[in-house]
Amino acid sequence: MSNAAVSVPADHLMGVYNRAPLAFLRGEGVRLTTTDGEVYLDCMAGIATCGLGHAHPRLVAAVKRQSEKLWHVSNVFRIPEQEALAARLTEASFADVVFFTNSGAEALECALKTARKYHAARGAPERIDIIGFEGAFHGRTYATINAAGNPSYLEGFGPKLPGYVQLNFGDHDALKTAIAQPTTAAVLVEPVQGEGGARALPDACLRGLRELCDQHGVLLIFDEVQCGLGRTGQLFAHEWAGAATPDIMALAKALGNGFPVGACLATAKAAQGMTVGAHGSTYGGNPFAMAVALETFDELSKPDLLAHVREVAGYFTQQLEGLKTRFPDIIVDIRGRGLLIGIKLIPNNRAFMALARDQHLLIAGGGDNCVRLLPPLVISLEEAREAVAKLEATCEAARQAALAEQSGTTP
Ligand SMILES: Cc1ncc(COP(=O)(O)O)c(C=O)c1O
C-alpha cells in the first residue's frame, strides 16, 4: 500500500461517483430545480427510475398516507400490501411468485440464487454456471459484478467468482456450446441493455434463447431492472418478442418511482428451491415500499401510458435520425427501444453531457460512448420537442468545440 498521505474529501463521501456540479432542491413532472433556482429538463429520470416524473400527486399522497399508518414490521409477519402487489405483478406477467427487495442488484442476487437452488433442489447441484453477455450491467454487488463480467468493475475486488461465463453479444455458436454444458444453470440477459449503451437484443434472439434453454433444461433470467415497467412501450420489454417469457425476472428502478424497491419474479417451477430459510431481507417489501409501489405499478401498467410511450418514442426516434443526418460529425447511431434511447457519439459522451447541461438538459451516459435519453414516461410531445431542440443546440455546440480543437482555438 502506498505511504502517500490520503486526503479526506470535503464532502466526507466515499469518492466512488463522478458527480456533475449540480444539486437539486425540488422536482415536478419532467422539470428539476437546482438549489440556485435554475430549471432543467430531466431526460434521465434518475437513470430510468422516475417513470411517472417527479412529485407525482398520486405517489405523494400514497407516501403521506402510509407514513402515518405503518412503515415497517418484518417479513416474519404477513404483509398485506406485499401480497396485493405480488398478485398484481403475477397477474400481469409470466410469474407465479415474487420476492421483494430494496434494489435492482438485490433482485438479481435473488434471481441468481433462485436459479442455482432450482437445480440443487432437482438433484443437479453441479449446475451453477450463469451465462451472461459482454456489455451487460446487473448492479454492483459481488455476484452481480461477476455476472456482468465488466473488468473495470471487477478490478481490485479479489478473485473472480467461479460459475460466471461471459459471451460476446451475437456469438450464437459460443452460446449454443455454453448452454449445452452440464454445469450450466441459467442464461442472464437484459432484453435491452441499459448501461451497455441502449442495445436491444433482437426479438428473434430472445425467442431463440428461450428455445435453447428449454432444450437443455437451463433457466432463462431477464434483467428488466432498467428496460422493464413501461420503458420500452410494453409493460415488460420481453413482451415485444411474444412467446419469449423468462423463468425468472428482476425488476427495480421504476417500480418505486424513486422509492427504493425491487422484485424478483419467478414461475413456481423455477422457484421450487426457494423454501423457508433459503433467502430473506429486513426491509425488502416493507409496508412503506409496497404502498408506493402498488400505486406506481397501477399507473405504469395503464394501456394509455404504454401507448403514450410508444408515440413519444416514435417522435424521438424520427427527430434523432434527422439530427444524425444533419450532424454526421457528432452522431453515429441511434439505438435502443421505446424511451430507452441511445445516441452513439463521435465526441466524448461525458463532454457532450456537460454541453447538454449548458442547455439545461439532463441526459445519462452509457457504454460504447453513448448518451442515453431516459425521460419520465409521462413526458409530453411538447416537452419532447423541447428536448430535441436542446439536443440540436448541444450538437451544434459539440461541433463548434470540435472545430475549435482542430484549429487550436477555444470556442
Ligand atoms: C439492467 C440493470 N440491472 C441492475 C441494476 C442494478 O440496480 P441497482 O442500482 O438498483 O442495484 C441496474 C442499475 O442501473 C441496471 O440498469
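Domain bounds here come from an automatic or database domain assignment. With that settled, I looked up how far apart the two domains sit: 28 Å separate the centres of domain 1 and domain 2, taken over C-alpha atoms. I am working from a predicted model, so I keep that in mind throughout.

**Entry: domains and their contact**

I noted the bounds next. Domain 1 covers 24-55 + 303-407, and domain 2 covers 70-300. Each side brings a share to the contact, with 26 residues from domain 1 and 26 residues from domain 2. I then asked which elements of domain 1 touch domain 2. At least two residues each come from α1 (45-48), α10 (303-326), β13 (331-337), β14 (340-345) and β17 (370-373). Helix α10 gives the most to this side, with 5 residues. I also sorted this side of domain 1 by class and found 12 nonpolar, 8 polar and 6 charged residues.

**Entry: the whole chain**

I stepped back to the fold and counted 12 helices and 17 strands in the protein chain. Its radius of gyration is 22 Å, close to the 22 Å that the globule rule gives for 411 residues, so the chain is as compact as a globular protein of that length. Along the principal axes, the C-alpha atoms fill a box of roughly 70 × 55 × 55 Å. Of the 411 residues, 48% count as buried. I looked at contact range too: among contacts between residues at least 6 apart in sequence, 75% join residues at least 24 apart.

**Entry: the core**

I went to the largest nonpolar core, which holds 119 residues. Val 187, Leu 219 and Cys 264 touch the most other members.

**Entry: the ligand**

My last stop was the ligand, which 15 residues surround. I wrote down the closest of them as Gly 104, Ala 105, Gly 139, Val 225 and Gln 226. Which helix gives the most to the shell around the ligand? It is α4 (residues 104-121), with 3 residues. By class, I have 6 nonpolar, 6 polar and 3 charged residues in that shell.

Conventions. Residues numbered from 1 in each chain as written. Predicted model: local features only at pLDDT ≥ 70, side-chain atom pairs only at ≥ 80, totals over all residues. Near = placed C-beta within 6 Å. Helix = DSSP H or I, 4+ residues; strand = E, 2+ residues; numbered from the N terminus. Nonpolar A, V, L, I, M, F, W, Y, C, P; charged D, E, K, R; others polar. Core = buried A, V, L, I, M, F, W, Y, C linked by C-beta atoms within 7 Å. Buried ≥ 20, exposed ≤ 12 C-beta atoms within 10 Å, placed from the backbone. Rg over C-alpha atoms; globule rule 2.2 N^0.38 Å. Contact = placed C-beta atoms within 7 Å.
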